[in-house]
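Q: I have not looked at this one before. Can you take me through it piece by piece?

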Amino acid sequence: MKYRLLVATSLLAITNLVHAQADVDRLVAAMLGDTPIVGDLQSLTDEVGGRVTGSPANEQAVEWALARFRQAEVPATREAFEMPFQWQERGVSASVSGDFNFSPDVVAKPFSAAADSLTGPLVDGGMGTEEDFARLGDAVDGAWVLIETAVLDDVVGLAGLFGEYSASAASEAIAADSGARGLVFMSSRTNNLLYRLPMLSGVDRLPLLVMEREEAQRAQRLLRNGHELALTATIDVDSGYAYESANVIGEIRGSERPEEVVVMGAHLDSHDLGTGALDNGSNVTMLIDIARQITRLGLEPKRTIRFALWNGEEQGLVGSWRYAQQHRDELDDHVMAASFDIGTGKILGFFTGGMDGLGPMVDEYLQPVAGLGPFTQINVPLVGTDNFDFMMEGIPNLIAAQADANYASNYHAASDTFDKVDVQQLKLNSAIAAALVWGFANDDERLPRWNREEVEALIESTDLEKQMRDFGVWEDWASGVRGRQP
Ligand SMILES: [Zn+2]
């Protein structure tokens, strides 16, 4: 009897396994087939356009996403939350005068202080380091300090991009009490391209500009050849008040363990200079398409899958933070939260956040799409996108590690538009992401949530504290406002 029961149990297990395999294969095939993903992305980028949080276009994007989920028959909700601080550039201009006169194109850095025809000597601030400011001495007083940057043209490993964030945060901290009138960062992109590189530390005390690289280099050469220049800048901003924004959460309810949740996230907001195609419209439409195909095929995941389209990401990962607050009671049952935020470059693997055991699970779940690999998991914690609050809450979290394609060169820039998208790779990525979520939603195994001591141990054993300080989120964690409570 016992033997027969064992056989029957094994047969049931095998039958379940075969069904599970058939489901993921059907889902992957559907993702690779003809779907509306490209039309969706054209619509979000060309019709809704740049959608910085707090703008009418962003509110339109929320309605757009709700409508897309509704059309796909995926239940979706608008989860409102408060954004702490409005900041929109209404207009900006700058002119160089003195020995020579020219009018370079500039943009304000997000959260820059306003300036009303503010004039001061333009001085060569080198790379904006402590030594550079010390060398300038009293010349900093009342001056616009021009700061050189390295060209950013590759995002793989994220060193260049995070290096730029880190260096500009350092320069701003040094300049804050130096008496400088403002900072002028040389654009890190060539061909006169401008972009918004946010200072995530909140409101800046100084006016902060990014100047087209070619004209910034011209000014730097003139200064180094002994000429005297001044800069006059006007930065008109709408800023300083709290307002309401919203995440859009599409949900496919679990058939066996509905209380257990797998989160697939991408941020819906973008900056305003381009139309947010690579960052991050492409991954928004990818998640909607996965939800659509699961529903269309009638597949039933064991766990609940939430397709989270975050808002306020560019202003400090605010939407995903608010989600973690609003869903605090459910976080013990959050099995995994993934972020997709590096455009349409090939998915090379996933950052597994320093959580042992997560990498092997990802390896296993990507087996059905092994032909689209190889995939390598990188077990380090990263700050910079919406996995952050899940990481600080001790929840297994992933970020898709992707090839640069042309992500870095168009990052937050006027050139981040639909034509930069690799449509074919986006389709392949959608199949990879679908296999991943299906694995997490159906595996009987799961990793436990970490307690605060375990999160602290991760911080102590990695460079996480430095990353958090660079992104201006360290104090939130240290003061207990953000992350796993003791
Ligand atoms: Zn992004």
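**Working through the model**

A: Gly345 has a relative accessibility of 3%, so Gly345 counts as buried. Keep in mind that this is a predicted model.

Q: Where does Gly345 lie?

A: Gly345 is in the loop between strand S12 (334–339) and strand S13 (347–351).

Q: And which residues does Gly345 touch, leaving out those up to four places away in sequence?

A: Gly345 touches Gln402, Ala403, Ala405, Gln425 and Asn429.

Q: How far apart are Gly345 and Leu458?

A: In sequence they are 113 residues apart, and in space 29 Å, C-alpha to C-alpha.

Q: Next, Ser245. Buried or exposed?

A: Ser245 has 2% relative accessibility and therefore counts as buried. Ser245 is part of strand S9 (residues 243–252).

Q: What joins the side chains of Ser245 and Asn311?

A: A polar contact of 3.4 Å. Not counting residues up to four places away in sequence, Ser245 touches Asn311 and also Thr53, Asn58, Glu79, Ala80, Phe81 and Met83.

Q: Now helices. At what angle do the axes of H3 and H7 cross?

A: Helix H3 (residues 56–71) and helix H7 (residues 277–297) have axes that cross at roughly 25° and come within 10 Å. The two helices are therefore roughly parallel to each other. Their crossing is right-handed.

Q: Which residues of H3 and H7 meet?

A: From H3, Trp64, Arg68 and Phe69; from H7, Val284, Thr285, Ile288, Ala291 and Arg292. By class, that contact of H3 with H7 has five nonpolar, two charged and one polar.

Q: What about the axes of H9 and H11, how do they cross?

A: The axes of helix H9 (residues 358–365) and helix H11 (residues 423–442) cross at roughly 115° and come within 8 Å. The crossing of H9 and H11 is right-handed.

Q: Which residues of H9 and H11 make the contact?

A: H9 supplies Leu358, Val362 and Tyr365, and H11 supplies Ala435, Leu436, Gly439 and Phe440. The residues of the contact of H9 with H11 divide into six nonpolar and one polar, with no charged.

Q: How many residues of helix H8 are buried?

A: Seven of the nine residues in H8 (residues 318–326) are buried, so that helix is mostly covered. The buried residues of H8 are Val318, Gly319, Ser320, Trp321, Arg322, Tyr323 and Ala324.

Q: Where does Asn191 lie?

A: Asn191 is in the loop between strand S6 (182–186) and strand S7 (208–211). Asn192 lies in the loop between S6 and S7 too.

Q: Is Asn191 buried or exposed?

A: Asn191 counts as exposed because its relative accessibility is 63%. Asn192 is partly exposed, with a relative accessible area of 41%.

Definitions and conventions
Residues are numbered from 1 along each chain as its sequence is written. This is a predicted model: local features need pLDDT of at least 70, side-chain atom pairs count only at pLDDT 80 or more; totals for chains, interfaces and linings use all residues. Side-chain values use heavy atoms; hydrogens and water are left out. Axes are lines fitted to C-alpha atoms, for helices over the stretch in contact, and angles run from 0 to 180 degrees between N-to-C directions. Helices (H or I, at least four residues) and strands (E, at least two) are DSSP runs, numbered from the N terminus. Angles under 35 degrees count as roughly parallel, over 145 as roughly antiparallel, 65 to 115 as roughly perpendicular and the rest as oblique. A crossing is left-handed if the near helix is turned anticlockwise from the far one by less than a right angle, and right-handed if clockwise. Contact means heavy atoms within 4.5 Å. Ala, Val, Leu, Ile, Met, Phe, Trp, Tyr, Cys and Pro count as nonpolar, Asp, Glu, Lys and Arg as charged, and the others, Gly among them, as polar. Buried means under 20% relative accessible area, exposed over 50%, partly exposed in between (1.4 Å probe, protein chains only). A polar contact is a pair of N or O atoms within 3.5 Å; within protein, one must be able to donate a hydrogen and the other to accept it, and residues adjacent in sequence count only if both atoms are side-chain atoms.
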